[in-house]
Amino acid sequence: MHASVSNALPSATREAEEARSAKDSRHDRIFGWVLKACALIVLLALVGAAGSTLWLGSDAFHTFGFGFLTSAQWDPSNDKYGALVPVMGTIGTAFIALLFAVPVSFGIALFLTEIAPQWLRGPVSSAIELLAGIPSIIYGMWGLFIFAPFVAEHIKPWLMNHFSADPPDGQASWLVQHVPAIGKFFASEYPFFGAGVLTAGLVLAVMIIPFISSVMREVFQTVPTRLKESAYALGSSTWEVVWDIVVPYTRTAVIGGVFLGLGRALGETMAVAFVLGNTFKFSLSFLETGSSIASTIANQFGEAQGLQRSALMALAFLLFVVTFIVLLIARLMLRRLATKEGK
């Protein structure tokens, strides 16, 4: 009697364990399917958005062919469209934004993690988070009514006097006389008009500084304290610790944060639409007005019909392509850095 009971208990225990194991395995499979579905939703949304813009813009691609990418003409009255000016405006403003935002963001992140006293870190961090939460249209209004007049009165005349071949004061600088090609990048038909590619790029720089600096600050805080303290103990200065310890330890994540800010700059719409000028005249000058892909779509899509709407959708597809190329370059750079670190 006792033997039969003792044999039944292990058997019941094994059955319970097998049932629990089967239940856990079923739950794991369901959880895996849910996660795969979430990932597929993102991929389907991306492919669907890119595919729909390509399909809706196919008329423009068929009508203009490769010339759509190389033409600077945008004439709705004659149904002549080209993407060169919006694409160049998008790339130019994003380049200027990175040129100014990356050093400033790097300095902010290092100040907060290495130099700032504890009582100051909280207010500065809160200010950065506040900047990140301001709507882009507010940046656009600030850029149009405050920053653009400042550029027209102070920054643009100074740049033209020192780097333009046709300066407002009528006397070309020594640099322009010996390097005449530089004048093409600082020429302007309207010396006292503040809107333009440079103004839009600077406004974008202010917008993406909170994003880049926040990422940099977070990754700088992941550096082990004992590494930095060891370097200080050996007599290293703050700059040496930053350059030899912090930057090599976090450079992969820092580059990722920079490209995150670049993606934000490429797709910005309202702030750029306010201060870029929205003209379709091709120019190499950063001081001239221009147009971007996002601002062109925002300004014209509501009234667009026929081939013009198709051209706008083709621009939207090109924005996908430009963003994809940028992200691909970022991935290749990160992979190359990871390979070097492995060696």
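**Entry 1: the largest pocket.** I looked up the largest pocket and found about 480 Å³ of space in it. The search ran on a 1 Å grid over the protein atoms alone, and a pocket there is an open set of points with protein on both sides within 12 Å along at least five of seven lines. Grid points are joined across faces, edges and corners, and the volume is the space filled by probe spheres set on the points.

I note that this is a predicted model, in which local features need pLDDT of at least 70, side-chain atom pairs count only at pLDDT 80 or more, and totals for chains, interfaces and linings use all residues. Residues are numbered from 1 along each chain as its sequence is written, and side-chain values use heavy atoms, with hydrogens and water left out.

**Entry 2: its lining.** I counted as lining the residues with an atom within 4 Å of a point. The largest pocket has 26 of them, and Val-87, Met-88, Gly-89, Ile-91 and Gly-92 lie nearest its centre. Two or more lining residues come from each of α4 (84-115), α10 (238-266) and α13 (307-342). Helices are DSSP runs (H or I, at least four residues), as are strands (E, at least two), numbered from the N terminus. Which element gives the most to this lining? I found that α4 does, with nine residues.

By residue type, the lining of the largest pocket has 17 nonpolar, seven polar and two charged residues. Nonpolar here covers Ala, Val, Leu, Ile, Met, Phe, Trp, Tyr, Cys and Pro; charged covers Asp, Glu, Lys and Arg; the others, Gly among them, are polar.

**Entry 3: the second largest pocket.** I read off about 220 Å³ of space for this one. α1 (2-56) and α13 each supply at least two residues of its lining, and α13 has the largest share, seven residues. Among the lining residues are Leu-46, Phe-317 and Thr-323.

**Entry 4: the whole chain.** I listed 13 helices and two strands in the protein chain. The radius of gyration, taken over C-alpha atoms, is 28 Å, well over the 20 Å that the globule rule (2.2 Å times the number of residues to the power 0.38) gives for 343 residues, so the chain is more spread out than a compact globule. I also noted that the C-alpha trace spans about 115 × 65 × 40 Å along its principal axes.

Definitions and conventions:
1 Å grid on protein atoms, 1.4 Å probe; cavity = no way out; pocket = protein on both sides within 12 Å on 5 of 7 lines; lining within 4 Å.
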